[in-house]
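Here are a few exercises to work through with the structure open beside you. Try each task before reading its solution.

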Amino acid sequence: MYRIAVVQNQSESFRAGYADVARNFGQQLRLDGYEFVPFDGSNIKDLFQPSSAQNLKNYDALFVSTNAASDEKTREAIDQNEQQIETFLRSGKGLYLGYQKKMSVEGDREAAGGIILPEPYRVSMTNRPASEPDSSAGTISIAGRPQHSGSGFLLLNSPHRVSEELLMTHCRENDFKAHVYRAVLAPKNEAAYEVVLEDRSYGGSRRLMLANRSSLYGERVVVSTIAVDWEGHWRLLENIVRYITEGMPRVALIASPDDTDSGFAFVRSTAKLLRVTNRAYVDLDVPEEFSRIHDVYVVSSKWSQDKVETFWQAVAGPKALCIQPASAFRRLYHLGDSARGSTSLTRYVNYTSIDVVLNDALLWLEQQFRGGFWAGGFWNTHDVLVMMDGLGLDASTYLPGVLSDIQPHLRPGGYDAVMGPSCGLLSLLNRLSVKYSAELDDGEFPVDRRAEIASWIIDNLEGQSDVARQVAARALFGRGGEPVLAFLQEHGRGEALKALRGIVRNGLNVSVERIPSLSEIDLVRLIQLTSNVQALEPVLVASLDELKNRQNDSGLWGSVGRTANIIISMLEIDGASPRFGHDPEWDEVISRAVEALRGSYSGEITSWGGIIQDTAMSVHALGLYRLRYDVESQELFETVEADARASAQSADVGRARIDLGELFARELDHEASIRKLIDEAEYARQQTQVQSRVLKRTQWSASVFQILGVTSFLLLIALLVSFWLSEAQALRNVLSSTGSLLGLVVGAIIAIPIAFFLSPRFGTRDEMTAIQKDGE
């Protein structure tokens, strides 16, 4: 049974049926195995009371309906319990947030950091301009679907297909009123969401429904300013409820047409028992859109190996270069035919253990983005964007915020008038210009602006060291710098560039004796600049040997960040000397360094020590290593540790969540638990029988003891009466004796309590009967 907590507007639900969302869901959606529990101002405290049976953690999804926060108590409860909502999402649950009038802002005001949702899902609702008082104006359009994202597709297609025409019909014909939207969504972190529905009728894109693109913990988040619940968009609502409650159908179960595979029937029943979201098929023709969503395919043994291999080639996709996005991770399990006399399971996989680590770390980096510089630092941001560019990942969503943060630091030309950051900025912008020229133009960094930075560097090189000139040369003459160099040539800086080349060239001719005094980074820079100069090969060889010798026994050059930087710099050298490019000893050095980096990775925090620069450079280094040293064993082998861990879905990465081996293991654990409970119940029954027999014996002994006590007491009374009648004077003499009277009194005091109060006790007749039945 899935349980959904539905927070709704108390006053509206009293007055209008369309606002009684929980009741309407139960009547209209007709979802088997779903329970919708209403919350409003009268009981909202129970939802966030830790000791309450109705606490949020006991639900599978939270649906915050239209204007639910208009009630002050509800609004306060939601505001004060953001941490519980964050914990709820981190436990792999889902949330829908509808339009909230009392938490939206006017178009000319700045939003106060977002509403209700925790990082990175903060989002503001900005009201339509005052010039648009009619909320029924506008047109809902389906936004284009980003690559590697399935949430938007599921919301509009699973299990029901939703069209633009159907959406507009519900907006204009419903029990509420003709209404399209009152506010536009503005996420604080653009990379965290994909746009599902928008209004393009006013020019540009007004975002009306968003779904989370990332899923570090398997959470699902949908935000909308369209009143889909009040307007009765039932097909869309069923899609939304299923998505936030059950999640992505990562598993595809492909049975045979005749459905005669008993082993496959077990897999299906186990998936249902464990609530593993899946889609069932009876042939090997999975629709393309769903093939982008499924991570795991379980195929019946009735399908031949040839057909399964052909199907695998279709769903596995092209071979990855630097990194396989986790949304493209695919696994296929072909059940063996038990009729052959043995149990077998054939596993196909299209990613490596390195891919799993890289995707988790990439998602961690995405989660650290707050709309500008990563952690407020230029070099953090430089290393992240260089990594994305080097590995072919899409960085476009991050550039507007980053370029905006760079602007205040240019005074004039150079970055804070400091040579190092200025060279780093020029190198970064030149690299990005190859793929993101339009984004740089929009961010006010066209070629002439980049040329200003280059001119500032050239003008301030006088008096700088050889190392500083080498850094400047790498920035000016590096990847993507050709348009800037051409601009400088056209504006009379050709001689200055020529002079710099000569100075740097002369500075590379260092003596072999001096090389041991250079730092590791200086050695790498020297290798980069001499790798294609035949005349400087002695310097290259000496530098390589020195760098090899400085690698410690663990495979590192000092720190993780420095080691990653060295690997990146070496693997990015194009057209290297044969002595360097085909050196088995150097290949071994690189492999040892890569293993050291992998060993330094923390699976608990999915990063390298929670440090942005170390993580960005390590991801870059491992991605380049995968590209250059790709071997067949990486394609076929994934470590047990990596296989057991969940991986993530982000702007370029998704999540593969279910392993068939884990599914079988969980089923066996479940059966073992049931057997243990049965054994415990049998032992308890036997103990109850023993106790019942003991209780019967105790009851009998107690009855005999009480009868003897009463009889003794009655005999005593009878003796005294008889004595009184026959020998009254003698009795009076005995009683007048202090010792005799005291003995009688003491005897009575002792005998009566023993007989009645200290004898074994037993329960009522009903209690005895119940115990006896339990024993039977």
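Contact here means heavy atoms within 4.5 Å. Keep in mind that this is a predicted model.

**Exercise 1. Find which residues Arg450 is in contact with, leaving aside its neighbours within four places in sequence.**

Step 1: Go to helix 17 (residues 447-459), where Arg450 has its place.

Step 2: Skip the neighbours within four places in sequence and list what remains: Leu426, Leu429, Asn430, Ser433, Leu440, Phe445, Pro483 and Val484 are in contact with Arg450.

Step 3: Look for a partner of opposite charge. The nearest such side chain is Asp441, 5.1 Å away. A salt bridge calls for a side-chain nitrogen of Lys or Arg within 4 Å of a carboxyl oxygen of Asp or Glu. Arg450 is thus a buried residue with no salt bridge.

**Exercise 2. Work out the strand order of the open sheet of five strands, and what packs on it.**

Step 1: Read the order across the sheet, which is 12-11-13-14-15 with mixed pairing. Strand 12 (278-281) and strand 15 (345-349) are the edge strands, each pairing on one side only. On average, neighbouring strands of this sheet are turned by 15° against each other, direction ignored.

Step 2: Strand 11 (residues 251-254) and strand 12 run parallel and are joined by four bridges. Within this pair, Val251 has Asn278 as its bridge partner in strand 12.

**Exercise 3. Decide whether Ser301 is buried or exposed, and list its contacts.**

Step 1: Locate Ser301 in the loop between strand 13 and helix 11.

Step 2: Apply the cut-off: buried means under 20% relative accessible area. Ser301 has 8%, so Ser301 is buried.

Step 3: Leaving aside neighbours within four places in sequence, Ser301 is in contact with Asp261, His334, Leu335, Gly336 and Asp337.

Step 4: Compare sequence and space for one more pair. Ser301 and Gly263 are 38 residues apart in sequence, while their C-alpha atoms are 8.3 Å apart.

**Exercise 4. State how many salt bridges the whole structure has, and examine some of them.**

Step 1: The search of the whole structure finds 27 salt bridges.

Step 2: Start with Glu35 and Arg3, whose side chains meet at 3.3 Å, N to O. This pair links distant parts of the chain, with Glu35 in strand 2 and Arg3 in strand 1, 32 residues apart. Glu35 is partly exposed at 33% relative accessible area, whereas Arg3 is buried at 19%.

Step 3: Move on to Glu520 and Arg562, which form a salt bridge at 3.5 Å, N to O. Glu520 lies in helix 21 (residues 520-530) and Arg562 in helix 23 (residues 560-571), so this pair ties together parts that are 42 residues apart in sequence. Glu520 counts as buried at 15% relative accessibility, and Arg562 is partly exposed at 36%.

Definitions and conventions
Residues are numbered from 1 along each chain as its sequence is written. This is a predicted model: local features need pLDDT of at least 70, side-chain atom pairs count only at pLDDT 80 or more; totals for chains, interfaces and linings use all residues. Side-chain values use heavy atoms; hydrogens and water are left out. Two strands pair if DSSP finds at least two bridges between them. Helices (H or I, at least four residues) and strands (E, at least two) are DSSP runs, numbered from the N terminus. Axes are lines fitted to C-alpha atoms, for helices over the stretch in contact, and angles run from 0 to 180 degrees between N-to-C directions. Buried means under 20% relative accessible area, exposed over 50%, partly exposed in between (1.4 Å probe, protein chains only). Lys and Arg count as positive and Asp and Glu as negative; His and the chain ends are not counted.
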